[in-house]
Amino acid sequence: MLVCPCGSGNDFLQCCQPIITGDCLPTSCEQLMRSRYTAFTLGDASYLWQTHHPDYRQGDAPQSSTKEDLGQWEKLQIIFSCDFKDGQTGIVEFKAHYREQGQRQILHERSNFKKVNERWFYTDGEFAPKALARNSACPCGSGKKFKQCCNKS
């Protein structure tokens, strides 16, 4: 068994590989986030481009990418994720640990996602976001407190 780089603990062949190869679609924004992280570890710039919402892309499709171009990814940590109750948007907050020129780095982002024609797309994100207070309203729009809603995941 080859453990999937996304941190799920599942076998890569049953986890992110079928999503990256197009054999199946991610069913949640978190699943898309995990597959995008895995694509980063593999240097799959084509998949990253395809899963970036067309309205938010900058520049042309990349020709190719290598692992060296993208750094040395070590671990994905999902802080929280939530598909909003509208069923068409979601957020995932994560920390991606990597090495760049031998130095340990952490990319901390709260990413936004949109679902279009049953497909999830990454739109944009906020780097090093402020922590959501446990008693604040959940950003998913449920009307519940964050601690009773998306923070549970």
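Which strands does H2 lie across, and at about what angle does H2 run to E1? In this predicted model, local features require pLDDT of at least 70 and side-chain atom pairs count only at pLDDT 80 or more, whereas totals for chains, interfaces and linings use all residues. Residues are numbered from 1 along each chain as its sequence is written, and side-chain values use heavy atoms, with hydrogens and water left out.

H2 lies across E1, E2, E3 and E4 and runs at about 170° to E1. Helices (H or I, at least four residues) and strands (E, at least two) are DSSP runs numbered from the N terminus. Contact denotes heavy atoms within 4.5 Å. Axes are lines fitted to C-alpha atoms, for helices over the stretch in contact, and angles between N-to-C directions run from 0 to 180 degrees.

The four strands form an open sheet in the order E1-E2-E3-E4, with antiparallel pairing; two strands pair if DSSP finds at least two bridges between them. Strands E1 (72-83) and E4 (119-127) stand at the edges with a single partner strand each, so one side of each has no neighbour in the sheet. From one strand to the next, the twist averages 30°. Strand E2 (residues 89-100) is joined to strand E3 (residues 103-116) by 12 bridges, and the two run antiparallel. Gly-90 has Phe-113 in E3 as its bridge partner.

Of the 14 residues of H2, 10 are buried, where buried means under 20% relative accessible area, exposed over 50% and partly exposed in between (1.4 Å probe, protein chains only). The buried residues include Cys-29, Leu-32, Met-33, Tyr-37 and Thr-41. Just after H2, Gly-43 adopts a positive phi of about 75°.

Ser-81 is located in strand E1 and is buried, with a relative accessible area of 11%. Its side chain makes a polar contact with the side chain of Glu-30 at 2.5 Å. A polar contact is a pair of N or O atoms within 3.5 Å; within protein, one must be able to donate a hydrogen and the other to accept it, and residues adjacent in sequence count only if both atoms are side-chain atoms.

The structure holds 0 disulfides, a disulfide being a pair of cysteine sulfur atoms within 2.5 Å. The sulfur of Cys-16 is 3.5 Å from that of Cys-4, too far for a bond. Cys-4 counts as buried at 3% relative accessibility, and Cys-16 counts as buried at 2%.
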